[in-house]
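Here is my note on the chain contacts and the nonpolar cores. Please read it alongside the sequence and the structure.

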Protein chains: 4
Amino acid sequence: MCGIFGIHKHAEAAQVAHLGLYSLQHRGQESAGIVAIVEHGSARGVRAMGLVSEGFDPAELSSLPGDIAIGHTRYSTAGSSTIENAQPILSRFRGGHISLAHNGNLTNATEMRTKLEDEGSIFTSTMDSEVLVHRLAKSAADAPEAKLADALLGVEGAYSILVLIGDTLLAARDPRGWRPLVMGKINGSTVFASETCALDIVGATYEREIAPGEIVAVDRAGVRSASPLPPEQLHRCIFEYVYFARPDSRVFGGSVDRARRALGRRLAREHPAPSAELVFSVPDSSNSAALGYAEQSGLPLELALIRNHYVGRTFIQPTQAGRDAKVKVKYNAVREVLEGRSVVMVDDSVVRGPRLAGWSR
Amino acid sequence: MCGIFGIHKHAEAAQVAHLGLYSLQHRGQESAGIVAIVEHGSARGVRAMGLVSEGFDPAELSSLPGDIAIGHTRYSTAGSSTIENAQPILSRFRGGHISLAHNGNLTNATEMRTKLEDEGSIFTSTMDSEVLVHRLAKSAADAPEAKLADALLGVEGAYSILVLIGDTLLAARDPRGWRPLVMGKINGSTVFASETCALDIVGATYEREIAPGEIVAVDRAGVRSASPLPPEQLHRCIFEYVYFARPDSRVFGGSVDRARRALGRRLAREHPAPSAELVFSVPDSSNSAALGYAEQSGLPLELALIRNHYVGRTFIQPTQAGRDAKVKVKYNAVREVLEGRSVVMVDDSVVRGPRLAGWSR
Amino acid sequence: MCGIFGIHKHAEAAQVAHLGLYSLQHRGQESAGIVAIVEHGSARGVRAMGLVSEGFDPAELSSLPGDIAIGHTRYSTAGSSTIENAQPILSRFRGGHISLAHNGNLTNATEMRTKLEDEGSIFTSTMDSEVLVHRLAKSAADAPEAKLADALLGVEGAYSILVLIGDTLLAARDPRGWRPLVMGKINGSTVFASETCALDIVGATYEREIAPGEIVAVDRAGVRSASPLPPEQLHRCIFEYVYFARPDSRVFGGSVDRARRALGRRLAREHPAPSAELVFSVPDSSNSAALGYAEQSGLPLELALIRNHYVGRTFIQPTQAGRDAKVKVKYNAVREVLEGRSVVMVDDSVVRGPRLAGWSR
Amino acid sequence: MCGIFGIHKHAEAAQVAHLGLYSLQHRGQESAGIVAIVEHGSARGVRAMGLVSEGFDPAELSSLPGDIAIGHTRYSTAGSSTIENAQPILSRFRGGHISLAHNGNLTNATEMRTKLEDEGSIFTSTMDSEVLVHRLAKSAADAPEAKLADALLGVEGAYSILVLIGDTLLAARDPRGWRPLVMGKINGSTVFASETCALDIVGATYEREIAPGEIVAVDRAGVRSASPLPPEQLHRCIFEYVYFARPDSRVFGGSVDRARRALGRRLAREHPAPSAELVFSVPDSSNSAALGYAEQSGLPLELALIRNHYVGRTFIQPTQAGRDAKVKVKYNAVREVLEGRSVVMVDDSVVRGPRLAGWSR
């Protein structure tokens with residue numbers, strides 16, 4: 001899980017991307033980065049370990065002029081947690097610069113990498129995403145979108161990607177549509193983001209999602225779309241709805257809030273709790289599902305756990321030790337709500353069934 | 001508003017205080033500090049600007065051995081935002097060390113300070129709290145609690161304070177009881193804290209609140225209580241219930257959650273919204289009140305605003321500029337919930353009346 | 001050993017003090033600080049652990065407007081190595097602000113401190129210098145220089161001090177003249193510094209040294225001098241000449257270079273090395289003495305040890321561990337110069353006699 | 001100008017490399033890095049902007065176990081001053097890892113790079129050194145030294161390089177011998193360094209210099225040497241003797257101190273100063289030359305400029321602004337030595353002739 005954001009033709013492209021990454025922070029806290037086209041297709045990037053709010057200072061962002069930018073927040077799935085693995089990847093090739101931001105996992109990355117290495121290629125990270133850059137650089141096609149089509153042909157697995165080549169911004173989703181990617185507009189500028197909440201924060205209007213298998217190219221001439229990849233059976237990741245995405249976002253063309261609410265209602269039907277007196281959530285990721293459970297069951301929704309806002313997101317810490325230390329200070333119960341009552345607690349494991357428990361301290 | 005925490009006779013006193021401050025972080029984000037008695041009444045402290053999670057590293061805390069400690073999280077009310085104004089105050093006097101952590105504002109601090117200066121005293125901070133240390137040092141009494149009674153006689157305004165003199169830990173509240181202060185126990189150790197959520201996090205059991213005008217002294221011999229100050233009309237600060245304290249805390253002998261819930265119900269009675277279709281809160285400080293409004297009005301509670309957890313608490317930033325920049329990235333609406341509907345939004349201004357509005361984007 | 005610097009009536013007083021401290025860095029690397037009078041006698045200060053080049057950023061210095069400033073570089077002799085013990089001390093008293101920067105050790109500080117504590121005073125540092133601030137605040141005299149005379153009467157030991165009270169800058173030396181202090185002028189501004197090298201760096205002209213027992217006061221009306229303290233036998237610290245001061249400085253009215261050169265010549269007379277083939281120094285503190293030895297003995301001066309400039313000053317690190325680790329990477333021998341030859345090495349222990357040795361590796 | 005260091009088969013390889021880089025700091029202050037072989041040929045690196053003493057903490061170094069390591073200190077000649085351009089370069093290829101540390105400038109880098117890009121290669125830095133890594137990865141040869149011979153054939157310009165492939169450490173110098181590179185031994189371990197002062201600091205014994213055009217390979221089986229490149233006319237860089245290298249080093253098979261001394265003597269013969277009374281140097285880079293001038297001319301050597309040790313090396317700051325600000329606080333004259341006298345000042349421009357001047361202030 002990662003967050004990606006791109007903007008084409010905006011006077012403060014890097015600053016807008018920075019703001020967009022703020023609202024995609026929940027998709028990855030390990031590292032963040034922004035690459036901007038500074039002039040004549042020349043690219044410059046900043047990358048940092050940790051949170052968007054920690055890694056960049058205003059001086060660094062203002063060192064990124066230009067009107068096209070892409071950004072990335074990383075949660076490590078493939079590749080270790082180091083600055084070398086922060087994205088966007090920024091490389092130089094015969095045609096100038098290639099920058100790439102990737103959300104997803106490629107299932108045949110090892111095979112593609114071995115093939116590239118056999119041809120003498122070198123790699124500077126352990127990320128599967130780096131093979132895409134090599135494949136882009138090797139394409140003999142002229143148009144950036146044709147290069148990307150060449151590069152993606154034969155790639156298996158999940159990818160929602162943003163690519164900068166020269167002054168062309170490319171967006172693409174794999175044919176199965178594993179990961180979300182949406183497009184919006186703000187005063188004539190084109191915006192891409194993993195979730196619509198990033199459109200909201202920058203004041204952009206939602207246009208549509210990028211279709212599975214689609215490549216969208218934006219340059220000075222306008223927006224072009226193509227679907228050069230063979231179609232596949234859809235495989236949208238259910239966890240986007242369950243806990244990856246924010247409830248104020250639309251992903252896969254639907255509302256995350258509505259989807260979670262529906263999961264909660266279905267949970268209430270499949271796992272009713274007739275003796276329970278109330279339902280509560282583990283805030284905040286399970287709030288919507290708990291509300292759905294309450295709606296369906298008629299049980300009152302209670303706010304029984306208080307979250308300490310000065311501790312980062314539990315789920316997303318790469319090591320178990322980091323997770324444990326933070327959980328300890330993260331939640332506290334409101335005893336007056338829980339003491340002596342039969343309750344339903346809804347948490348992220350909602351797809352597996354609710355926890356029914358009598359509460360005592 | 002500040003948070004204070006103290007513990008007497010615990011093998012890892014400074015670490016426990018550190019944990020306690022984590023759960024009092026919402027009471028002040030400007031600076032934090034811990035003072036521990038390291039041996040034979042000798043005191044050592046660490047203080048840092050910013051959050052508890054940022055300011056201290058394990059090496060600093062482990063440099064604070066000893067089994068008595070007090071801690072403080074500061075929100076600036078009197079005195080500027082500098083490291084000199086971080087608490088606990090740590091001073092040396094004829095009897096050894098005095099350390100003091102103060103929550104509240106003294107209304108006659110200027111008069112007391114002028115009098116002390118006329119006697120030749122010097123001050124190193126701009127905090128009203130510093131006059132209390134001078135008054136403690138000047139007391140001719142022997143027992144620490146008698147010194148504190150001397151020091152507090154004639155002091156006007158709000159104070160919940162923790163004081164370390166030698167190996168005695170003192171806790172006191174002003175006679176009007178403006179600010180909360182509770183006492184708990186953990187395995188024979190005595191704990192004091194602004195709110196019970198800090199007892200919960202360290203695993204302590206709630207005993208009782210410190211009474212208005214009471215001084216409690218804890219030393220190797222045990223716990224003593226006295227009420228040497230003239231009684232006054234109670235004036236507990238209503239804002240503790242409205243938004244200072246955490247809903248999982250007990251303050252002033254009552255549940256914050258219950259109090260906020262009752263405020264919400266009363267709001268629904270005094271300001272009914274017959275045409276509204278739903279009620280929602282500005283998370284998280286207004287959650288309990290919104291739930292009360294929903295209970296009373298019969299309107300469904302909705303979760304219509306999503307909070308970005310990677311931005312600090314809005315209210316608590318000292319400058320307006322800091323507040324504004326953070327609000328912009330802090331909340332986003334769930335459009336599916338709000339669009340085209342008549343709503344009640346409950347926020348921190350609940351005591352002044354609800355906001356009734358039709359929502360459109 | 002510490003360095004002190006003061007300037008009166010200069011448009012960029014804090015920046016000039018900062019520059020001056022750069023050239024007094026050799027007198028103390030533990031912490032540094034600057035206090036400036038920002039308006040109407042209001043004072044503001046910055047203090048930091050470590051080097052002048054590390055502790056302050058331009059933003060901090062530009063937060064110190066005003067045309068009067070004093071600064072300090074600290075080497076810990078009395079009091080532990082903490083930010084609380086960084087100078088200048090900045091306190092508030094009935095007359096406004098007192099700031100004080102002190103070089104030297106007071107021998108009756110404990111007695112004075114006990115007396116002050118018995119009167120109810122509190123202390124916030126472990127520095128002997130803090131008693132001077134208390135004594136200043138308690139003086140009933142009106143004129144700042146009269147306050148300082150009151151404060152210094154009865155003080156024993158070494159002090160060269162700079163004091164800011166309102167818009168008056170005071171400079172004083174103890175009657176024995178233990179530590180150096182000089183006065184200079186730059187475009188009508190008055191400058192004080194521990195050594196003349198600090199006058200050079202800011203472009204000031206040397207005027208004279210402050211006399212033992214003298215108090216100089218500078219305010220908008222001009223410069224006044226008084227010698228209110230009983231005279232004492234002079235006791236200027238010989239180590240200023242041997243290794244504290246920089247050879248490009250004048251201290252105690254004489255050139256450090258000339259003094260060290262003379263020590264080297266005397267060493268050659270008292271400890272001749274007839275079989276030696278060359279003389280070399282441990283750079284840089286012993287360079288002048290080695291040159292003197294060479295002049296007197298007729299032996300050629302060689303540069304046989306190379307100093308790594310990326311390691312801090314050896315002598316001045318407070319802990320032995322810090323000293324050892326740094327010595328290891330600090331010097332290397334030029335083998336071609338030393339191999340197989342009889343040599344005289346001159347180091348800081350010059351007053352005890354030279355080291356005569358055959359060199360082999 | 002850069003510094004390189006390598007060690008093969010030492011229990012604390014990364015720590016030894018760290019120490020070695022300390023003594024090569026004068027060759028580059030812009031960034032530093034170390035790569036170590038951690039197990040089974042797997043490599044891990046740390047890189048940081050700034051000084052060796054600032055960039056790395058003990059935890060980072062201890063994260064680099066293994067018994068083979070190379071290190072680099074960088075002064076930017078080709079490529080901008082960013083972390084992406086810090087060395088050693090660490091890449092993965094079909095044969096595992098390649099790490100490379102390079103001192104020198106390649107004159108046909110652009111042509112080689114264009115050719116590689118035309119074949120589809122991508123670059124992640126702007127350093128000429130990166131082409132060497134690509135060429136290594138593309139070699140079809142089996143033995144690491146054969147790969148390196150393939151890679152270097154046709155490369156023009158200056159290079160002293162260290163390369164890690166698997167558990168083989170390679171060292172090579174270009175056929176003209178532009179930059180120095182020496183080999184030493186410590187308890188059976190093989191050490192390579194730009195200058196012998198880095199051997200001294202780690203306690204290694206000097207063996208010999210790497211010959212121009214030579215490739216040395218060290219692996220578990222031992223040390224092998226080859227000279228596969230066509231011989232060229234020698235072109236050793238004179239500036240190594242004039243001011244790059246440290247005077248306690250041997251480079252190009254000779255003593256830097258002796259070479260500088262000889263330059264100073266020749267200067268005295270070619271530019272005698274019959275009316276001068278003394279000679280002095282701009283410390284420390286001109287000390288040896290000034291001594292040579294003194295020896296030849298019979299003039300006394302004086303120490304007339306004092307260097308502030310708390311400011312970094314002037315020459316080496318990439319921007320003029322940085323150089324200017326630092327020069328201002330860097331040197332001060334000893335007036336007693338200079339005033340009213342006719343002097344010879346020897347500085348880094350010694351090859352162009354001495355500065356003869358009467359001194360007055």
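How far apart are the nearest C-alpha atoms of chain B and chain D? They are 14 Å apart, and the two chains do not touch.

1. Basis. This is a predicted model, in which local features need pLDDT of at least 70 and side-chain atom pairs count only at pLDDT 80 or more, while totals for chains, interfaces and linings use all residues. Residues are numbered from 1 along each chain as its sequence is written, and chains are lettered from A and ligands numbered from 1 in the order in which they are written.

2. Chains B and A. The contact (C-beta atoms, placed from the backbone, within 7 Å) takes 32 residues from chain B and 31 residues from chain A. Elements giving two or more residues to the chain B side include helix H1 (13-22), helix H9 (256-270) and strand S19 (331-333) of chain B; helices (H or I, at least four residues) and strands (E, at least two) are DSSP runs, numbered from the N terminus.

3. Chains B and C. Here 15 residues come from chain B and 15 residues from chain C. On the chain B side, H5(B) gives the largest share, four residues.

4. Chains A and C. No contact joins them, and their closest C-alpha atoms lie 14 Å apart.

5. Cores. A nonpolar core is a set of buried Ala, Val, Leu, Ile, Met, Phe, Trp, Tyr and Cys residues joined through C-beta atoms within 7 Å, buried meaning 20 or more other C-beta atoms within 10 Å of a residue's own, with C-beta atoms placed from the backbone. The largest has 223 residues, and D:Leu170 is among those that touch the most other members. Apart from it lies another core of 222 residues, including A:Leu90 and B:Ile7.

Definitions and conventions. Buried ≥ 20, exposed ≤ 12 C-beta atoms within 10 Å, placed from the backbone.
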